[in-house]
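Please prepare a structural briefing on the protein model shown below.

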Amino acid sequence: MQPYQIKQRKIIHIDMDAFFASVEQRDNPDLRGKPLIVGGDPDGRGVVAAASYEARHYGIHSAMSCYEARKRCAQAVFVRPRFVVYREVSQQIRDLMLGLTPLVEPLSLDEAYLDVTGVDTYRGSATLMAEALRAEIKAQTGLTASAGVSFNKMLAKIASDLNKPDGIAVITPDMAADFISALPIGKFHGIGKATAAKMTTLNIHNGADLRAADPDMLVREFGKRGAFYARIAHGDDPREVTPEREHKSVGCETTFATDLHHHADILRELHIQNKEAFHDLGKHKLRASCITIKIKFNDFTQLTRSKTLSRPFYTIDDTHYWLDHLLTQVTLDRPVRLVGVTFSHFEQERRLRQLALWPELG
């Protein structure tokens, strides 16, 4: 395999710094400089959705239980997430990105890839474009972003994490071989903790070890992913920036500070999550024909109930009957700690318009 002899592109990866927590600290000056946790509650219920850098100093990170976060930092401040606000800010940032290039691939509310190959602003320099975009984001939103610039998505994403927060890193083709060789195996995008642990048992500790590994052995040990690992060891990531990402499902769920015991309360909360999820469907110009409710009990067991129709749900009122009906299929014999609603089996807006089935929204 000839390393780095791939089509040269200019890819920027933008990653907002502690996005949810930074929005909260921006909007509430009293929270600035404090270890802030977004999500869950100080009694330990739920999980951390985001942690400020002050909280990360204590080893707190997203997806950690709030119980563990409280143990690590007794003075941490907990706030409930405001997803409507985060979406609005995310869209504001997205619009700034689209002002630079139409090739923007969102990964989540707080990060995205941009392909600026052929963009001639800033003398065609992807580094200058990234710096200008970071400055514009700061001026328009008051928030900081970190950026990675390279010739493929993998290296751009890794680079964006090198100088966080509020930093930028560039990995050029000339730098790539040495950079990848020294990169710890757990730092490769696409190699998780379990895979990294297994690789260490195979004496693969960094990029140089991965490059030297027999590709056939990698396939034997890791299946189809093994071929991918062999390619990225040589800096070969041909994935394109794709503006339209396929949605498999859209949903919302919430964990309660206090368990719910009564049918009416659980149904009310399901309707709240349903409203949020249905709003997201409209935002993504999707119509779904399958609705699923999720119930998690206080013993952490959970179940789902689904209904698939022969046509999409056109209005939120169409979903209300099925929320009620699906909940009647659940035996509520234990306190409930979480409920959620998910939509799936999508039809895209374009197809619906072609069929003249999309009603005008009033």
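**Structural briefing**

Glu105 has Tyr113 as its bridge partner in S6. The model is predicted: local features require pLDDT of at least 70, side-chain atom pairs count only at pLDDT 80 or more, and totals for chains, interfaces and linings use all residues. Residues are numbered from 1 along each chain as its sequence is written, and side-chain values use heavy atoms, with hydrogens and water left out.

- Helices (H or I, at least four residues) and strands (E, at least two) are DSSP runs, numbered from the N terminus.
- Two strands are said to pair if DSSP finds at least two bridges between them.
- Strand S5 (residues 104-108) runs antiparallel to S6, and four bridges join the two.
- Strand S6 (residues 111-115) is mostly covered, five of its five residues being buried; buried means under 20% relative accessible area, exposed over 50%, and partly exposed in between (1.4 Å probe, protein chains only).
- Cover is found on both faces of S6: Glu111, Tyr113 and Asp115 are buried on one side, and Ala112 and Leu114 on the other.

**A three-stranded open sheet**

- Three strands form an open sheet in the order S3-S2-S4, with mixed pairing.
- Strand S3 (50-51) and strand S4 (77-79) are at the edges with a single partner strand each, so one side of each has no neighbour in the sheet.
- Strand S2 (residues 36-38) pairs with S4 in the parallel sense, over three bridges.
- Opposite Val38 stands Val79 in S4.

**Backbone exceptions**

- Most residues other than glycine have a negative phi, and most peptide bonds are trans.
- The peptide bond between Lys164 and Pro165 is cis, with omega of about -5°.
- Pro165 belongs to the loop between helix H6 (153-160) and strand S8 (168-170).
- Phe300, a residue other than glycine, has a positive phi near 75°.
- The loop between strand S10 (286-297) and strand S11 (302-308) holds Phe300, and Phe300 is exposed at a relative accessible area of 55%.
- His345 is not a glycine either, yet its phi is positive, at about 60°.
- His345 lies in strand S12 (residues 336-348) and is partly exposed, with a relative accessible area of 45%.

**Overall chain**

- The protein chain contains 14 helices and 12 strands.
- Along the principal axes, the C-alpha atoms fill a box of roughly 65 × 55 × 50 Å.
- Of the 362 residues, 48% count as buried.
- Among contacts (heavy atoms within 4.5 Å) between residues at least 6 apart in sequence, 65% join residues at least 24 apart.
- The chain exposes about 18300 Å², of which carbon and sulfur atoms supply 52%; accessible areas come from the Shrake-Rupley method with a 1.4 Å probe, and for residues only the protein chains shown count as cover.
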